[in-house]
Amino acid sequence: MSALETLDRLPRLDLRGFVSPVQRLERFSEAIGIEVWCKRDDIGSVGLAGNKVRKLEVELAYAVSRGATHLVAEGSRLSNATRAVAAASAALGLKCTLLLCHEEPREPVGNLMLDGLFGADLRFVGDVSWHDLARHSVTVASELERSGERVYRLPIGCASERSCLGFALAYRELREQMRQHGRAIGTIVHASSSGGTHAGLVLGNALHGFESEIRGIVVAEDVYSDVVGTYLSFARGGARLLNAEVELTRDHIKVTKAYLGAGYGLPADGIYEAIDLLATKEGLLVDPVYSGKAVAAIIDLASQGELKGPVVFWHTGGYHALFDPRYAKRIWSAIDRLSSVAL
Ligand SMILES: Cc1ncc(COP(=O)(O)O)c(C=O)c1O
């Protein structure tokens, strides 16, 4: 069986309910001078969707096949990944424990509130490093196992060599959709942190002879000491699971920290303009933590003639962060049209 056939037959759950559409962004494209499409992974059926759901479709099919009764996942208090795990656990009838770091927010907002609503057991571990967070998670997983649970542990961002195969499949899905529109994929631009999304898209592209460019816009600092090396190891590991004979090197991992700004969840040049432009031109929402930084990158790279079109902005979700009062306040004060309205 070829690697592509193995990929297509990969055991996976359906947590999205339908194939997310790809839509041409006519007015946004006109405004920035390059053809842009949007792959709408911000919509789906389980737990407000987003890119983590694609990873979980593959990873949790494996977990369930191994008899898992309890999922353990880790992330910040506002993590989209932990929210997706909590929602998927509810949908699959599994128990869920989440290890959450950072001190803020201390009020029940955004994903933190949803984690609890989906029935997860929340354990707060304070302001620890990503590395220490993983150690806490291993300890809790062992405790649960000793109490009789069959635990399946998901690492930060649910990124792994197996879960990235969800995005190798996603690449194929997009490729076919674009073909039906009579278009090829020039460049895919997406927000990146734990790397499963990037690794999977790179692998999908590799399986098709490196026909497009994949650009990851890094939105979190210090997730790994060697970002490129870690992303590459996921992609190579995914290739091994498929018995694929593709040569992947560091040069295939095209990620940039140029749009990170002041850090994870913090302002960056052009971020509010990007949120504003997409909202006013297309009625589409992106958040200031993840997908907004990818859109800011598209606008900037397009202005420098650095993008090969057609460009696909992979909307990885997370737009509900707009309703978090801390982000909402910043957006309100940054956008002239809003801040001039007296409340
Ligand atoms: C909305 C959103 N976009 C993008 C990403 C980055 O994806 P990855 O962790 O696969 O790099 C995340 C991960 O937390 C996310 O929540």
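Helix H12 contributes three residues to the lining of the largest pocket, the largest share of that lining. The structure is a predicted model.

**Largest pocket**

- The lining of the largest pocket comprises 24 residues.
- Nearest the centre of this pocket lie Ser-76, His-102, Tyr-264, Gly-265 and Tyr-327.
- At least two lining residues come from each of helix H5 (110-117) and helix H12 (325-334).
- By class, the lining of the largest pocket consists of 10 nonpolar, seven polar and seven charged residues.
- Domain 1 (3-47 + 161-339) and domain 2 (51-158) each provide at least three residues of the lining of the largest pocket.

**Second largest pocket**

- Helix H7 (165-180) and helix H3 (51-65) each supply at least two residues of the lining of the second largest pocket.
- The largest share of this lining, five residues, belongs to H7.
- The lining of the second largest pocket divides into six nonpolar residues, one polar residue and seven charged residues.
- At least three residues of the lining of the second largest pocket are drawn from each of domain 1 (3-47 + 161-339) and domain 2 (51-158).

- Asn-205 is part of helix H8, which spans residues 196-207.
- The relative accessible area of Asn-205 is 4%, and because the cut-off for a buried residue is under 20%, Asn-205 counts as buried.
- A polar atom of the Asn-205 side chain lies 3.0 Å from the backbone nitrogen of Glu-211.
- With residues up to four places away in sequence left out, Asn-205 touches Tyr-171, Phe-210, Glu-211, Ser-212 and Ile-214.

Note on methods:
Residues numbered from 1 in each chain as written. Predicted model: local features only at pLDDT ≥ 70, side-chain atom pairs only at ≥ 80, totals over all residues. Heavy atoms only, no water. Helix = DSSP H or I, 4+ residues; strand = E, 2+ residues; numbered from the N terminus. Buried < 20%, exposed > 50% of the residue type's maximum accessible area, 1.4 Å probe, protein only. Polar contact = N/O pair within 3.5 Å; in protein donor to acceptor, adjacent residues only side chain to side chain. Contact = heavy atoms within 4.5 Å. 1 Å grid on protein atoms, 1.4 Å probe; cavity = no way out; pocket = protein on both sides within 12 Å on 5 of 7 lines; lining within 4 Å. Nonpolar A, V, L, I, M, F, W, Y, C, P; charged D, E, K, R; others polar. Domains from an automatic or database assignment.
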